[in-house]
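Me: I am new to this structure and would like to learn how to read its features one at a time. Could you take me through them with care?

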Amino acid sequence: SMQIADKSHDTKGMVTLAAICAVLQLALSPNLAIGNGHPNFALVFCACIALSRGGAQGVVAGFAAGLFFDLSSSGPIGLMALLLTVAAYALGSEQRNRMAGDFASSIAIFSVSALAVSAAYSIAMLVVGSANSLIDAFVFRAVPTTFLSIVAFIPFAYFFSRVKASSLSGGHFSRRGI
């Protein structure tokens, strides 16, 4: 019975996190820009799940978050879904909670993935004609998107570094008033 209770807490925490990131992606991200770059809260969600749980949950979260991003943006459907699935696979490869108690390392790992995802997305946008040039793709899209996404990830990394390594139970979320 203990396992079942943990699972429902776990799910509640994940749903809460998904809801927070979805609202931020729809309401905040379009209004926060440097050049043509915006923070990617789908990537933030995907990284939190992949880094804290790894494996299959991370990959499913990456695909779902990427699809949500694609459906809420003007880019090609499936592009961010693919990129976040790959990113989640890479981030979750160690199959352990890499965020608990390790704030700096979380930021570093996220930064690398944010740059990779943002650069790949920008190149694809260039290929489909949504970006005007390599300069536009990298300087005005990929770099500011990476920067803004890292800044957006910091409070999440801080929160996850504080929760116990054992579990991301719903209780941790509700006690903090999130």
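Me: How are H3 and H4 oriented to each other, roughly parallel or roughly antiparallel?

Reply: Before that, a word on the source: this is a predicted model, in which local features need pLDDT of at least 70 and side-chain atom pairs count only at pLDDT 80 or more, while totals for chains, interfaces and linings use all residues. Residues are numbered from 1 along each chain as its sequence is written, and side-chain values use heavy atoms, with hydrogens and water left out. Helices (H or I, at least four residues) are DSSP runs numbered from the N terminus, and their axes are lines fitted to C-alpha atoms over the stretch in contact, with angles from 0 to 180 degrees between N-to-C directions. Angles over 145 degrees count as roughly antiparallel, and those under 35 as roughly parallel. Here the axes of helix H3 (residues 55–71) and helix H4 (residues 79–91) come within 7 Å and cross at roughly 155 degrees, so H3 and H4 are roughly antiparallel to each other.

Me: Which residues of H3 and H4 meet?

Reply: Contact means heavy atoms within 4.5 Å. On the H3 side the residues include Gly-58, Val-59, Gly-62 and Phe-63, and they meet residues of H4 that include Leu-79, Met-80, Ala-81 and Leu-84. The residues of this contact divide into 11 nonpolar, 4 polar and 1 charged, where Ala, Val, Leu, Ile, Met, Phe, Trp, Tyr, Cys and Pro count as nonpolar, Asp, Glu, Lys and Arg as charged, and the others, Gly among them, as polar.

Me: At what angle do the axes of H2 and H3 cross?

Reply: The axes of helix H2 (residues 41–53) and H3 cross at roughly 175 degrees and come within 8 Å, and therefore H2 and H3 are roughly antiparallel to each other. Among the residues making the contact are Ala-42, Phe-45 and Cys-46 of H2, and Gly-55, Gln-57 and Gly-58 of H3. By class, the contact of H2 with H3 has 8 nonpolar, 4 polar and 1 charged residues.

Me: How do H5 and H6 lie, roughly parallel or roughly antiparallel?

Reply: With axes that come within 8 Å and cross at roughly 150 degrees, H5 and H6 are therefore roughly antiparallel to each other. Their contact has 17 nonpolar, 8 polar and 1 charged residues.

Me: With which residues is Ile-109 in contact, leaving aside its neighbours within four places in sequence?

Reply: Ile-109, which lies in helix H5, is in contact with Leu-51, Leu-91 and Arg-98 once those neighbours are set aside. Ile-109 and Ala-47 are 62 residues apart in sequence, and their C-alpha atoms are 9.2 Å apart in space.

Conventions
Helix = DSSP H or I, 4+ residues; strand = E, 2+ residues; numbered from the N terminus. Parallel < 35°, antiparallel > 145°, perpendicular 65-115°, else oblique.
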